[in-house]
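The sequence and structure come first.

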Amino acid sequence: MKTRTITALLIILCVIPPLVFGGVLLYLLIAGIIAGGAIELLGLSNQYKQWPKWICFLAGFSVFISLFFQEAFILPYIAMMLLIYFSLPVFMKSFSSEDSFLCMAYFVFFMLIAKSFLKIYQTDTGYIWYIIIVTYLCDTGAYFSGMLFGKHKLNERISPKKTIEGAIGGWLVAIILSTLSGMMFLNASLPFFLITSGVLAISGQVGDLAFSAVKRQYKLKDFSNLLPGHGGVLDRVDSLVFNFIVFYFLMVVMSS
């Protein structure tokens, strides 16, 4: 418990200043999540330890520098990087075609996470806090609702402890409280907050289950031990990274 508490405090200290002050600190936070994601997702490969060290670095670096490219260059950049990853097994015995697809999935997914996060932050910093509030209100509401009322399994194949009652409770708590907080502190309409709160409460739960499915597939309890007492980076931000992408999509669609 002591280790878990200390780690939680360190996480808070690493996250809040970048979100408040932005600038270099914000890019360092993004870089840290990108690097953690590279270690944990690419580490799923059975041959990861036999890869040349520069492959993991290339994966993380290729995601990070995409944040500074003009939008017109992004699509051809993605295409070239995917071709590079697809071609690597031709030149390296220790890097399989399965590894290629793992790298491609990591590259595209984390680039979408990073760019969505940055676009939202640049639009209004408050939206980042709003997404965090929705996500963790849903998690908290689901936990207590499941503990008090849970009887029917939500998806026993992936997560045996989660219940339908917990999922509904988390959704209700998130949509009510996050809509109220959004109306109090952000400049957007009631329909906007009702829609985004409702969708994010669902997508966050789907994100949690999706990452749980990955861990079950690879027979893992946690993605890593990078955060002592909390598992890995992805264990802490699974729902959140889904919601950054989904919120950016909703923000663009609802403002067009």
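Are Phe 117 and Phe 244 buried or exposed? Phe 117 is buried, as is Phe 244; buried means under 20% relative accessible area, exposed over 50%, and partly exposed in between, with a 1.4 Å probe and protein chains only.

## Basis

This is a predicted model, in which local features need pLDDT of at least 70 and side-chain atom pairs count only at pLDDT 80 or more, while totals for chains, interfaces and linings use all residues. Residues are numbered from 1 along each chain as its sequence is written, and side-chain values use heavy atoms, with hydrogens and water left out.

## Aromatic pairs

There are 27 aromatic pairs in the structure. Rings of Phe, Tyr and Trp (its six-membered ring) pair if their centres lie within 6.5 Å; planes under 30 degrees apart count as stacked, over 60 as edge-to-face and the rest as tilted. One of the pairs is Tyr 27 with Phe 64, edge-to-face at 6.4 Å centre to centre and 90° between the planes. Tyr 27 belongs to helix α2 (residues 23–42) and Phe 64 to helix α3 (residues 53–65), so this pair ties together parts 37 residues apart in sequence. Helices are DSSP runs (H or I, at least four residues), numbered from the N terminus. Tyr 27 counts as partly exposed, at 23% relative accessibility.

Phe 117 and Phe 244 also pair edge-to-face, with 5.2 Å centre to centre and 80° between the planes. Because Phe 117 lies in helix α5 (residues 97–123) and Phe 244 in helix α9 (residues 233–255), the pair ties together parts that are 127 residues apart in sequence. Elsewhere, ring pairs link Tyr 106, Phe 109, Phe 110, Phe 211, Phe 223 and Phe 242 into a cluster.

## Cysteines

The count of disulfides (pairs of cysteine sulfur atoms within 2.5 Å) is zero. For Cys 56, the nearest cysteine sulfur is that of Cys 103, 8.2 Å away. Cys 56 is buried at 15% relative accessible area, and Cys 138 is buried at 2%.

## Packing of α6 and α9

Helix α6 (residues 125–149) packs against α9 at an angle of about 130°, with the axes 10 Å apart. Axes are lines fitted to C-alpha atoms over the stretch in contact, and angles run from 0 to 180 degrees between N-to-C directions. The two helices are therefore oblique: angles under 35 degrees count as roughly parallel, over 145 as roughly antiparallel, 65 to 115 as roughly perpendicular and the rest as oblique.

Residues in contact (heavy atoms within 4.5 Å) include Tyr 127, Ile 131 and Tyr 136 of α6, and Arg 236, Phe 244 and Met 251 of α9.
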